[in-house]
Amino acid sequence: MAKADKELVDILYPPRFEPNGTIKTLRQAWEDEDWTGTFNLWIIQSDPVPSIVYQVRSPNVNWAPGKLDVSCAGHYNAGETKFEGLVREAHEELGLADIKEKELVYLGRRLNVSPSTDGHTHKTVIDVYFMQKDLPIKDMVLEAEELYAITSLPILELEKVWANKNYSFNAKAYNLKGDEIEVKVQQDKFPYNWDNYHYKIAKLAKRFLAGEEVFI
């Protein structure tokens, strides 16, 4: 049974996007196109160059298969605190087990509406976090159901990608087996976002590493 068929989530209601007691499986929430609570954890690295950790999504998932996406992301389980959900998903997706709340920098919330491969629209309320962590990406233990590989992309190169739709570069990545592979990075390798989200993250990560205040 897939995670989406057994995980229970709180349904959020506008305008405050807070739960009112309705709980569904994640799959049912997707089918009903309800608003659900999620997080994005962006791992920012400074060594050897300023970079952002990106996952390469599994080709088998129903949202953004095969795309380059946020370092770690996931839905909160029903009744779960934001920190509990983030820690759980970071361990499940990347094998990270030592995240401290003081390491997290909260950028704020954003709304996202995007299509999935099953014909439904995913509607999410996303808490966005930065965390600086210069750990070797090859040491991460990837979740096979969600991820295909992990990579760390230089911010300067990402800025070039978003400034020029024809620009691309190749980056080193590590797949589920820990084998080194190469991924091509260009605009169409990222999930569709109506608000240039990934470009904003690259700009904000640069400011973050410079010690500036960042927010969505």
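My entries follow, one topic at a time.

**Ground rules**

I am working with a predicted model, where local features need pLDDT of at least 70, side-chain atom pairs count only at pLDDT 80 or more, and totals for chains, interfaces and linings use all residues. Residues are numbered from 1 along each chain as its sequence is written, and side-chain values use heavy atoms, with hydrogens and water left out.

I took helices (H or I, at least four residues) and strands (E, at least two) as DSSP runs, numbered from the N terminus.

**Entry 1**

Axes are lines fitted to C-alpha atoms, for helices over the stretch in contact, and angles run from 0 to 180 degrees between N-to-C directions.

At what angle do helix 4 and helix 5 pack? I found about 150°, with the axes of helix 4 (residues 155-163) and helix 5 (residues 197-209) 9 Å apart. Helix 4 and helix 5 are therefore roughly antiparallel to each other. Angles under 35 degrees count as roughly parallel, over 145 as roughly antiparallel, 65 to 115 as roughly perpendicular and the rest as oblique.

Next I listed the contacts (heavy atoms within 4.5 Å). From helix 4 come Ile 155, Leu 156, Leu 158, Glu 159 and Trp 162. They meet His 198, Tyr 199, Ala 202, Lys 203, Ala 205, Lys 206 and Leu 209 in helix 5. By class, this contact of helix 4 with helix 5 has 8 nonpolar, 1 polar and 3 charged residues. Here Ala, Val, Leu, Ile, Met, Phe, Trp, Tyr, Cys and Pro count as nonpolar, Asp, Glu, Lys and Arg as charged, and the others, Gly among them, as polar.

**Entry 1: what the helices bury**

I used these cut-offs: buried is under 20% relative accessible area, exposed is over 50%, and partly exposed is in between (1.4 Å probe, protein chains only).

In helix 4, I found Ile 155, Glu 157, Leu 158, Glu 159, Val 161 and Trp 162 buried. The buried residues of helix 4 pack against strand 4, strand 9, strand 10 (169-175), strand 11 (180-185) and helix 5.

Helix 5 buries Tyr 197, His 198, Ile 201, Ala 202, Leu 204, Ala 205 and Phe 208. Among the partners of its buried residues are strand 3, strand 7 (105-115) and helix 4. Just after helix 5, Gly 211 has a positive phi of about 85°.

I then turned to helix 3 (residues 82-94). Its 13 residues reach 18 Å from first C-alpha to last, close to the 18 Å expected at 1.5 Å a residue. The expected span is 1.5 Å times one less than the number of residues. The buried residues of helix 3 include Gly 85, Leu 86 and Ala 90. Gly 95 follows helix 3, with a positive phi near 75°.

Most residues other than glycine have a negative phi, and most peptide bonds are trans. I looked for exceptions.

Which peptide bond is cis, with omega near 10°? I found that one from Pro 14 to Pro 15. Pro 15 sits in the loop between strand 1 (8-13) and strand 2 (18-25). Another cis bond joins Asp 47 and Pro 48, with omega about 5°. I placed Pro 48 in the loop between strand 3 (35-45) and strand 4 (51-57).

Glu 33 has a positive phi, near 55°. Glu 33 lies in the loop between helix 2 (26-32) and strand 3. Is Glu 33 buried or partly exposed? At 30% relative accessibility, Glu 33 counts as partly exposed.

Ala 64 also has a positive phi, near 50°. I found Ala 64 in the loop between strand 4 and strand 5 (68-69). At 12% relative accessibility, Ala 64 counts as buried.

**Entry 2: single residues**

Ser 58 is in the loop between strand 4 and strand 5. Ser 58 is buried, with a relative accessible area of 3%. Not counting residues up to four places away in sequence, Ser 58 touches, among others, Pro 65, Gly 66 and Tyr 148.

Lys 24 lies in strand 2. Lys 24 and His 91 are 67 residues apart in sequence and 24 Å apart in space, C-alpha to C-alpha.

Asn 77 lies in the loop between strand 6 and helix 3. Beyond four places in sequence, I listed Glu 7, Leu 8, Asp 10 and Arg 88 as touching Asn 77.
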